[in-house]
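Subject: Handover of a structure and its findings

Dear colleague,

Please find the structure below. I should be grateful if you would read the notes that follow with the model open beside you.

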Amino acid sequence: MRLLAFGLVGMVTAPVSNTARAEQPTARLQADAPTQTAQAPAPEAPQAPAPPKDEAAPTVMRVTLEEAITRALKANPQVAQAKGSVTNAEAAELSAVGAYIPSLSASASGSLASSERIEPVTGAVVTGSNDTYSAGLAASWNVFTGGQRSATRKQTRAQSGAAQAQLTAQRAAAVLAVERAFYEVLRAMGLEEVANARIERARQNEDAAERRLAVGSATRSDLLRAQLDRTTAKEALRTAETQRTSAALALGRLVGEDGPVEASPDENIAPKPLTLTDAALVAELEANAPDVLAAASTLGASQAGVNVAKATYLPTVRLSAGYDWFNQDPSFNGGRTSWSVRLGVSYPIFDGFLREERVQRARTQEVVSQAQLADTRRAVRSGAGQALAQLRLAEDRITFSGQSVEVAREDLKVQQERYRLGATTILELLTSQESLVQAEINLVSSRFDYRIARAELEALAGRPL
């Protein structure tokens with residue numbers, strides 16, 4: 001009985017002791033709390049200045065294609081240089097017309113000088129002045145220049161036409177560069193959409209693999225493959241984002257901005273038929289393309305240059321006239337006047353073969369210009385054929401890619417349902433999904449390949465088609 005009583009007492013006291021020991025840290029913390037509060041507060045350490053609040057991210061400019069073209073034509077240095085060439089050519093053409101008009105010039109002068117003379121009566125030396133004032137008016141006109149003036153006028157007119165054609169070509173090149181950058185931005189945006197859709201499908205596949213793995217109807221390899229596919233989709237999205245940033249920066253440079261510029265999506269990106277047949281379009285480009293017009297105008301200027309050089313073999317007849325007035329007092333009253341009329345003929349009998357050299361150089365330039373015109377026409381014909389072929393190919397690819405996307409989507413739906421039911425492996429599901437991704441990428445690329453091919457054709461024509 002005593003042993004039983006001692007055992008019962010121990011069983012009762014043991015939990016109490018354990019509880020007391022468990023509560024001791026809490027009681028000690030409560031006892032220490034007032035002591036810590038009563039102590040003098042420690043000096044606060046100097047705090048670092050609060051970081052500035054994040055500024056709002058700068059808004060990226062977004063432009064339509066028409067706005068981008070308008071801004072690029074103002075910022076493009078080649079277009080500005082071509083405009084300057086047109087202005088210079090027009091000034092040269094005006095100067096050639098001015099050669100038919102007599103030249104007129106006016107002159108005036110005054111001279112103040114001291115002089116000493118002997119007075120004849122007194123014999124004293126008298127200091128005086130010997131001032132003179134004069135004015136004159138002169139005119140001259142080339143009566144005959146051996147045809148040089150008319151040849152020069154034809155040459156400057158042809159050069160002005162060449163400058164205008166080159167300006168049109170530079171404008172077309174600037175528009176083509178903008179359209180390429182603009183469509184590259186939209187292409188990257190389309191690839192981002194494809195990558196985002198792929199990430200969402202990969203997430204669904206990963207969830208399905210986890211559910212099947214939980215119930216034992218799939219292996220861990222299925223889950224790992226699904227995770228790898230999601231990682232690959234994220235990498236594709238990152239690549240598309242990088243392409244979009246690069247294209248936006250290129251577009252910003254072309255439109256005259258320091259940072260990236262986004263492209264506003266075009267609602268109507270479907271192919272549009274050309275207004276001319278392929279043969280008619282090639283014939284028109286071969287005759288009226290800006291590059292062809294510029295080469296033809298350059299050839300005309302070279303031919304006129306030959307006539308300018310030949311004109312030096314003929315004499316030059318020049319008529320000039322003048323009227324002069326002299327006076328020793330600063331007054332228009334009094335003084336002496338004189339006039340003159342002259343008719344002169346000049347002809348260089350021998351100038352060290354300089355005339356022959358100028359004629360030979362002009363003829364050489366004419367031959368080169370003829371070859372350049374022929375080559376330009378061949379280049380335009382070849383470029384038009386290539387652009388038309390690319391245009392037709394891109395147009396067909398849009399149709400084929402659209403059909404491939406529809407087929408791939410239906411196949412993916414079947415594979416997803418089969419995988420959910422356990423009737424197929426994840427490898428077949430991922431293969432079907434990859435086929436859909438590739439078809440969507442091909443559809444996006446073919447749409448903008450068509451727009452770029454059409455832009456190249458319009459650049460050759462120098463106008464919208």
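Helices (H or I, at least four residues) and strands (E, at least two) are DSSP runs, numbered from the N terminus. In these terms, Pro273 sits in the loop that runs between β6 (261-263) and α6 (278-288). This is a predicted model, in which local features need pLDDT of at least 70 and side-chain atom pairs count only at pLDDT 80 or more, while totals for chains, interfaces and linings use all residues. Residues are numbered from 1 along each chain as its sequence is written, and side-chain values use heavy atoms, with hydrogens and water left out.

Confidence

The predictor's confidence in each residue is called pLDDT and runs from 0 to 100. Its average over the protein chain is 81, and 83% of the residues score at least 70. Helix α3 (residues 77-98) has the highest confidence, at 92, and helix α1 (residues 2-38) the lowest, at a mean of 36. Where pLDDT is low, the predicted coordinates should not be read in detail.

The chain as a whole

The protein chain contains 9 helices and 8 strands. Buried residues make up 31% of its 465 residues; buried means under 20% relative accessible area, exposed over 50%, and partly exposed in between, with a 1.4 Å probe and protein chains only. Of the contacts between residues at least 6 apart in sequence, 78% join residues at least 24 apart.

Is Pro273 buried or exposed? Pro273 counts as exposed, because its relative accessibility is 70%. The C-alpha atoms of Pro273 and Leu465 are 9.1 Å apart in space, although the two residues are 192 apart in sequence.

The nonpolar cores

A nonpolar core is a set of buried Ala, Val, Leu, Ile, Met, Phe, Trp, Tyr and Cys residues joined through side-chain atoms within 4.5 Å. The largest one has 33 residues, of which Val178, Phe182, Tyr183, Leu186 and Leu251 touch the most other members. Two or more residues each come from α2 (65-75), α3, α4 (148-215), α5 (220-254), β6 and α9 (426-461). Helix α4 gives the largest share, 12 residues. Leaving aside neighbours within four places in sequence, Phe182 is in contact with Val63, Thr64, Leu65, Leu251, Ala263 and Ser264. A second, separate core of 21 residues includes Val282, Leu391, Ala453 and Leu457.

Aromatic pairs

Rings of Phe, Tyr and Trp (its six-membered ring) pair if their centres lie within 6.5 Å; planes under 30 degrees apart count as stacked, over 60 as edge-to-face and the rest as tilted. How many aromatic pairs does a search of the whole structure find? The search finds 3. One of them, between Tyr183 and Phe448, is tilted, at 6.3 Å centre to centre and 40° between the planes. This pair links distant parts of the chain, with Tyr183 in helix α4 and Phe448 in helix α9, 265 residues apart. Tyr183 and Phe448 are both buried. The pair of Phe350 and Phe353 is edge-to-face, because the ring centres are 5.2 Å apart and the planes stand at 90°. Both Phe350 and Phe353 are exposed. Ring pairs also join Phe182, Tyr183 and Phe448 into a cluster.

Just after α9, Gly462 takes a positive phi of about 75°.

With kind regards

Notes: Contact means heavy atoms within 4.5 Å.
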